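This report describes one protein chain, part by part. Look at the sequence and the structure first, then read on.

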Amino acid sequence: MNAKLLFRIIVFLVLCFVVLYIGMANTHQIDFQFPLVLEHKVRQPAAYLFFAFFAIGVIAGVALFGGGGGGGKAPAKKK
């Protein structure tokens, strides 16, 4: 395991902890409005909405920056 991967894992776990901590500390109901997508307000515990935002960000990050970066092997040259 290289240092870059270890650093990414540690940062991801720290972010998971922050989301969990925020969710545990904010158990009250909140109203969420997003008029472009939702016609009505969503009333949920704050923890669910924090987790949803975090999950959407992780999925977007993986979609943008994840995946194979190598592009495959180059064909061997003939001598």
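## Helix α2

The model is predicted. Helix α2 covers residues 46-65, which makes 20 residues.

Which residues of α2 are buried? They are Ala46, Leu49 and Phe54. Seen down the axis of α2, these buried residues fall within an arc of 135 degrees, so they line one face of the helix. An α-helix has 3.6 residues a turn, so residues three or four places apart point the same way.

The other side of α2 has exposed residues: Tyr48, Phe51, Ile56, Ile59, Val62 and Ala63. The cover over the buried residues of α2 includes helix α1 (3-25) and the strands β1 (29-32) and β2 (42-45).

## The chain as a whole

The protein chain has 2 helices and 2 strands. Along the sequence they follow the pattern α-β-β-α.

Of the 79 residues in the protein chain, 8% are buried. The chain exposes about 7,300 Å², and carbon and sulfur atoms supply 69% of that area. Among contacts in the chain with a separation of 6 or more, 29% are between residues 24 or more positions apart.

Leu49 lies in helix α2. Is this residue buried or exposed? Leu49 has a relative accessibility of 10%, and the cut-off for buried is under 20%, so Leu49 counts as buried. Leaving out residues up to four places away in sequence, Leu49 touches Ile30, Phe32 and Gln44. The C-alpha atoms of Leu49 and Phe32 are separated by 8.3 Å, and the two residues are 17 residues apart along the chain.

Ile30, one of the residues that Leu49 touches, is found in strand β1. Its relative accessible area is 27%, so Ile30 is partly exposed. Apart from neighbours within four places in sequence, Ile30 is in contact with Val42, Arg43, Gln44, Ala46 and Leu49. Ile30 and Pro45 are 15 residues apart along the chain, and their C-alpha atoms are separated by 6.1 Å.

## The salt bridge

How many salt bridges are counted? The count comes to 1 salt bridge. Asp31 forms a salt bridge with Arg43, and the closest N and O atoms are 2.9 Å apart. The pair links distant parts of the chain, with Asp31 in strand β1 and Arg43 in strand β2, 12 residues apart.

Asp31 has a relative accessible area of 42%, so this residue is partly exposed. Arg43, its partner in the salt bridge, is also in the list of contacts of Ile30.

The relative accessibility of Phe12 is 38%, so Phe12 counts as partly exposed. Helix α1 is also among the elements that cover the buried residues of α2.

Methods
Residues are numbered from 1 along each chain as its sequence is written. This is a predicted model: local features need pLDDT of at least 70, side-chain atom pairs count only at pLDDT 80 or more; totals for chains, interfaces and linings use all residues. Side-chain values use heavy atoms; hydrogens and water are left out. Helices (H or I, at least four residues) and strands (E, at least two) are DSSP runs, numbered from the N terminus. The expected span of a helix is 1.5 Å times one less than its number of residues. Buried means under 20% relative accessible area, exposed over 50%, partly exposed in between (1.4 Å probe, protein chains only). The arc is that of the directions from the helix axis to the C-beta atoms. Contact means heavy atoms within 4.5 Å. Accessible areas come from the Shrake-Rupley method with a 1.4 Å probe; for residues, only the protein chains shown count as cover. A salt bridge is a side-chain nitrogen of Lys or Arg within 4 Å of a carboxyl oxygen of Asp or Glu.
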